[in-house]
Amino acid sequence: MFEQIISQFLLAIGPWMLVVCLLGVSLGILWGAMPGLSTTMAMALLIGLSVGMSQYVAIMFMLGVYTGSVFGGAISAVLINIPGTPDAVPTMMEGHPLAKKGEGGLALGTAIAASFLGNWIGILLLILFIPAILFIALEFRSWEMFLLSMWGIAICGSMSSGEMPLKGWISGWIGLLISFVGVDIVHGTPRYTFGFLLLEDGISYIPLLIGLFGLTEILKVLPQDNPYSIPSKVGKIIPPFSTLFKYARSSVRSGLIGTIIGAIPGAGANVASFLSYDIGRRRAKEEEKKKWGKGSYEAIVCAEVANNANVGGSMLPTLTLGIPGNAAAAAILAALEMKNVVLGPTIQTENPGIIYFIYIGLIIANFLMYGMAIILIKPCVRLFSLPRTLLMPLIIPICIVGSYAVHLNYFDVYIMFISGIVGYILYRFGFPLAPMVLAVILGPMADENLRRALLVFEDKGILEILWDRKLGTVLLFVVLYTFYDGIFRRKS
Amino acid sequence: MTNTPENRWENEANETLTGKFTGEEASSGYSSPQNDFISSAVVAVVGLGAMWMATKLDYPDTILTSPGVLPFFTGGCLIIMAAALLFSALRRKRAENSRKGVSISISSSKISSRQMRQTLVLGFIVLVYVLLLDQINFTWRYHTPLYTFNVGSFEVISIPLIAGILYYFWRGTIIKCFIISALMIFFLAIVFRDGFQILLPGSG
């Protein structure tokens with residue numbers, strides 16, 4: 001094991017690796033900093049750039065993008081009161097009042113330092129808990145894998161659709177149907193292909209992801225023709241470590257919240273940062289509590305530590321179970337699968353050492369994120385002087401090239417276009433899009449494992465199955481509870 | 001903030017008016033009852049279709065390994081969910097009727113119709129862009145001792161179309177739009193073609 005760690009470390013610190021990671025971090029920060037361009041969209045669109053890269057280089061690039069874009073959302077949130085990513089909303093609520101008081105530089109510095117610390121907490125917990133989760137993960141068989149994938153879709157549906165989880169589940173279940181398109185892998189029977197040969201290969205989730213998050217966003221935003229102006233001066237940017245020491249307890253608590261939420265399939269950085277912000281407010285000292293909502297550094301620490309610790313947390317189920325912790329982690333999963341790395345319980349046997357490479361990659365990306373964040377703040381401010389009506393048209397060719405580059409098949413561009421239109425319609429009718437993407441990714445796993453499990457259980461009674469497969473039984477109750485919670489608790 | 005229909009419309013209208021981003025999934029959740037009636041009907045039809053097609057799928061041995069098992073179950077779930085959505089919409093419609101006179105202060109329909117027209121135009125331009133890239137394929141190469149310049153149909157089609165979109169939505173001068181579009185497309189082409197050795201659609 002030690003030899004593996006050393007060899008992966010030497011591989012990760014190679015000059016080309018560092019350059020690629022730096023590029024990923026820079027693009028991620030820039031992307032995340034642009035209003036409305038989410039981490040998921042960054043991952044989905046920039047995945048196309050990793051097509052020509054080798055396996056390890058692509059992993060390094062995507063980890064850089066992931067780490068960078070999660071922080072990037074804070075830049076526009078603090079400076080112009082517009083969150084770059086949804087998880088940066090609490091940072092915006094506290095950071096912008098500080099910026100108005102002339103403390104924008106300090107607020108951003110706090111956000112950068114908190115993001116750095118949050119990433120470390122996430123990485124450390126990832127390293128500590130992966131062996132335990134891998135041990136449990138090896139107990140997963142077909143029935144458990146089926147239930148796990150269904151849980152992922154169910155929880156994503158209930159978490160991303162506000163007070164109407166039903167719409168999230170509908171979106172997820174439609175995604176499941178999309179995942180069935182193509183030749184069935186067990187019997188080779190074409191399903192839902194309507195006689196089109198091109199559909200026999202199935203619908204690739206990369207163009208679907210780009211269409212749903214990229215083109216849909218363009219269709220949503222571009223008709224709004226009212227560009228906003230932004231302040232051109234930021235003030236001094238000093239990363240205040242002393243502020244973090246002052247809020248050490250809040251940092252650790254928020255880091256734990258971020259990592260745990262990240263590890264739950266379907267729950268993303270949005271949930272982590274809002275929950276951490278809310279808990280932080282309840283537990284703050286009286287004199288600090290008065291500042292919340294008017295510009296509190298502790299609140300920025302809570303939100304930024306949590307959404308960055310979420311990166312490490314979301315990698316836990318992604319690496320060990322092959323279940324993406326959130327839509328952005330799903331893009332990491334897609335990038336790795338594109339490079340023939342199958343994540344899941346067998347990761348250590350099929351790709352020995354790659355898990356250590358990912359740890360080291362996250363650590364390197366974190367250091368580079370810290371440096372690049374400080375360097376990029378001023379150019380970012382200049383970039384924000386551009387209205388979105390200018391930025392969005394320039395993303396259209398990126399959507400086209402990104403979806404084409406995956407398989408060099410133009411049919412994928414049509415898939416992207418149709419997904420974009422469907423995504424826009426779903427948005428108009430109040431349906432969330434993330435569950436659909438997650439379901440398209442998890443659908444084949446659910447299908448194959450259900451059929452295998454049904455064959456195994458052919459001669460068994462229900463009670464026997466529940467008793468024999470205790471882990472499966474626990475998961476079954478968890479899935480049922482997720483539906484119960486979504487239907488009844490939210491109603492009350 | 002709760003995501004009631006009123007808040008959703010308000011969020012959306014505020015977003016439209018101010019150009020602010022209110023969250024990736026901020027508008028998901030409740031919609032107007034009319035919208036939910038349409039949604040439930042479409043979802044029910046999709047579910048029924050999926051179930052019907054699942055029963056038509058061949059399977060060589062036991063039904064337990066049939067390729068239609070999960071699609072059938074998924075279709076069934078969709079029908080149940082469509083029914084639940086329909087009931088939810090009916091309940092909200094009744095509630096809406098019982099408090100007549102309470103209107104939403106923001107005229108979202110006016111904004112929506114203008115937005116919808118522009119969205120349709122944008123969608124049509126993107127469709128034309130996608131179709132042209134599929135139909136027109138060529139590459140011009142100009143060799144120099146240091147570098148081979150490539151200009152393909154990707155650049156030739158993308159530059160005027162993106163410039164057109166910029167002109168329509170950004171409302172800059174045509175020259176400015178054209179220059180920005182050309183710079184962006186050439187940058188993208190160089191990054192993909194020369195930097196990452198990836199073929200571009202329509203050319204290579």
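Where do Arg452(A) and Glu448(A) lie, and how many residues apart are they? Both are in helix H19 of chain A, four residues apart, or about one turn of the helix. The structure is a predicted model, in which local features need pLDDT of at least 70 and side-chain atom pairs count only at pLDDT 80 or more, while totals for chains, interfaces and linings use all residues. Residues are numbered from 1 along each chain as its sequence is written, chains are lettered from A and ligands numbered from 1 in the order in which they are written, and side-chain values use heavy atoms, with hydrogens and water left out.

Chain A contains 21 helices and two strands; these elements are DSSP runs numbered from the N terminus (helices: H or I, at least four residues; strands: E, at least two). Of its 492 residues, 67% count as buried, where buried means under 20% relative accessible area, exposed over 50%, and partly exposed in between (1.4 Å probe, protein chains only). The accessible surface of chain A comes to about 17,300 Å², and carbon and sulfur atoms account for 68% of this area. Areas were computed by the Shrake-Rupley method with a 1.4 Å probe; for residues, only the protein chains shown count as cover. Among contacts in chain A with a separation of 6 or more, 79% are between residues 24 or more positions apart, a contact being heavy atoms within 4.5 Å.

Over all chains, the structure holds nine salt bridges, each defined as a side-chain nitrogen of Lys or Arg within 4 Å of a carboxyl oxygen of Asp or Glu. Side chains of opposite charge can pair when their charged atoms come close. Arg452(A) and Glu448(A) form one such bridge, with the closest N and O atoms 2.4 Å apart. Arg452(A) is partly exposed because its relative accessibility is 42%, and Glu448(A) is likewise partly exposed, at 26%.

Asp447(A) and Arg191(A) are both buried. The two residues belong to a network of salt bridges that links Asp184(A), Arg191(A), Asp447(A) and Arg451(A).

In chain B, the side chains of Arg193(B) and Glu155(B) meet in a salt bridge of 3.0 Å, N to O. Arg193(B) lies in helix H6 (residues 174-195) and Glu155(B) in helix H5 (residues 153-169) of chain B, so the bridge ties together parts 38 residues apart in sequence. Both Arg193(B) and Glu155(B) are buried.

Two residues in the loop between E2 and H8 of chain A were examined for backbone geometry. Most residues other than glycine have a negative phi, and most peptide bonds are trans. Tyr192(A), in the loop between E2 and helix H8 (205-221), is not a glycine but has a positive phi, near 50 degrees. Phe194(A), found in the loop between E2 and H8, has a positive phi of about 55 degrees although it is not a glycine. Tyr192(A) counts as buried because its relative accessibility is 10%, whereas Phe194(A) counts as exposed because its value is 58%.

Thr91(A) is located in helix H5 (residues 89-137) of chain A and is buried, with a relative accessible area of 0%. Its side chain is joined to that of Glu304(A) by a polar contact of 2.7 Å. A polar contact is a pair of N or O atoms within 3.5 Å; within protein, one must be able to donate a hydrogen and the other to accept it, and residues adjacent in sequence count only if both atoms are side-chain atoms. Leaving aside neighbours within four places in sequence, Thr91(A) is in contact with residues including Ala74(A), Val78(A), His96(A) and Ile300(A).

A nonpolar surface patch is formed by Phe2(A), Ile6(A), Phe9(A), Leu10(A), Ile13(A) and Leu18(A), with about 570 Å² of accessible area together. Patches are made of residues with over 30% relative accessible area and no salt bridge; like charges are joined within 9 Å and nonpolar side chains (Val, Leu, Ile, Met, Phe, Trp, Tyr) within 5 Å. Helix H1 (residues 2-12) gives the most to this patch, with four residues. Ile13(A), in the loop between H1 and helix H2 (15-33), is partly exposed, with a relative accessible area of 37%.
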